[in-house]
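Hi there,

Here is the structure I promised to pass on. Have a look at it first, and then read my notes below.

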Amino acid sequence: MRAHERLLNYVKVYTESADGTGTSPSTACQWDLARQLEGEMKEIGLQDVKISEFGVVTGVLPAAPGCEGAPAIGFIAHMDTAPAFSGKDVNPIVHPNYDGGDIHLPKEGRVLRVSDFPVLERMRGRTLITADGSTLLGADDKAGIAEIMTMCEEIVDRKLPHGKICVAFTPDEEIGEGADHFDVAGFGAKYAYTADGDLEGGIEYENFNAAGARIEITGVSVHPGSAKDAMENALLIAAELNAKLPPEEIPARTEGYEGFFHLEGLNGDPASAVMSYIIRDHDMDRFQARKARLEQAVQDVRSAHPKAQIQLELRDSYHNMAGQLKDCMHLIDNAREAARLAGVESFTNPIRGGTDGARLSYMGLPCPNLGTGGFNFHGPYECISVEGMDSAVAILRNIVALYAEAR
């Protein structure tokens, strides 16, 4: 079975994660895909297949005869889809022999315009897969799952040389909890790759340092007719606080290695308000400076409004994995060689976000990220190509072969 055929099946399984449920997985629906993958892994021939109490699916392909001395390599993808846009009742649509023009989706009047998404220009002649415009597709990261499963099946069916291959599929990556209950020691691999990137050939080993901030503002609510020198409007305080941050350092005005402050939530009324930010930067010193700047902004506004109560909760989410990978760059070198052997031009960009691999690298499992062939993730314009998925499988298979030769 080809990877895209698996993807068409997986995206129909609802697996949207959710913040704040206090459970792992965060949503019960993720168990459905976990159990399906458990059965498929056993059918393919993986051994020691199991689902942990926290919904992590793992399995092993033992080393082929003569390859027992090869390094054990892991491959990881996540099962959940982003809560940023609906992933329920996904209806995947296949677009054969794409002609290079705009793609009109049948629902909600949405159109993938080449002018908005220039990456489409390089997809001419390929077979594309989208949703119908009313949901996301879920290729992030069910494409990664499909490619890892297909790679394992091809290795078994073709009896290809391979060292020990360790596979894991995690829940809740999209809410930053994918590695919370990952058993690094029990996984069985010294090195691993996440298959959770966008275009095929992508090899990522730098990511943002990340923090989340929650600011609770309790104002002084007074009737507006008699509010002079008494009212403290929580919404205006929130606006004043946000204005103390640099307006050019937001996601819409930054790229590459540039960090940002992202106001992702503001709810309330004159009596009380809650703000939530995410803070990102690749450089650790600048990251720490950003957090200090937000803390100073809160302090300044607190001093200017002594009658109000302003509370800041600031918490790191993950850190740049580049420092954890600098002593094992063979992972990057082999991925580049694997792409070359697959006839794919490799490229490296800094991740303007994070993956399970970032946290796992800090937990002792060096874990760069590989492209899956998709783009426009987390929304209704999500798209992936069949050919890109096939190339991603070939890259995974070549990585296994290269490490098998290292025995």
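This is a predicted model: local features need pLDDT of at least 70, side-chain atom pairs count only at pLDDT 80 or more; totals for chains, interfaces and linings use all residues.

Residues are numbered from 1 along each chain as its sequence is written, and side-chain values use heavy atoms, with hydrogens and water left out.

Let me start with the open sheet of 4 strands, which has antiparallel pairing and the order 12-13-11-14. (Strands are DSSP runs of E, at least two residues, and helices are runs of H or I, at least four, both numbered from the N terminus; two strands pair if DSSP finds at least two bridges between them.) Strand 12 (260–268) and strand 14 (309–318) each have a single partner strand, so one side of each is left without a neighbour in the sheet. Strand 11 (residues 209–218) pairs with strand 14 over 9 bridges, and Glu-216 stands opposite Gln-311 in strand 14. Helix 6 (residues 284–304) packs on this sheet and touches strand 11, strand 12, strand 13 and strand 14, where contact means heavy atoms within 4.5 Å.

The other open sheet has 7 strands in the order 1-2-8-3-9-15-10, with mixed pairing. Its edges are strand 1 (47–51) and strand 10 (203–204). Strand 1 runs antiparallel to strand 2 (residues 57–61), joined by 3 bridges, and Gln-47 has Val-60 in strand 2 as its bridge partner. Helix 2 (residues 30–44) packs on the sheet, touching strand 1, strand 2 and strand 8 (165–170).

Best wishes

Technical notes:
Axes are lines fitted to C-alpha atoms, for helices over the stretch in contact, and angles run from 0 to 180 degrees between N-to-C directions.
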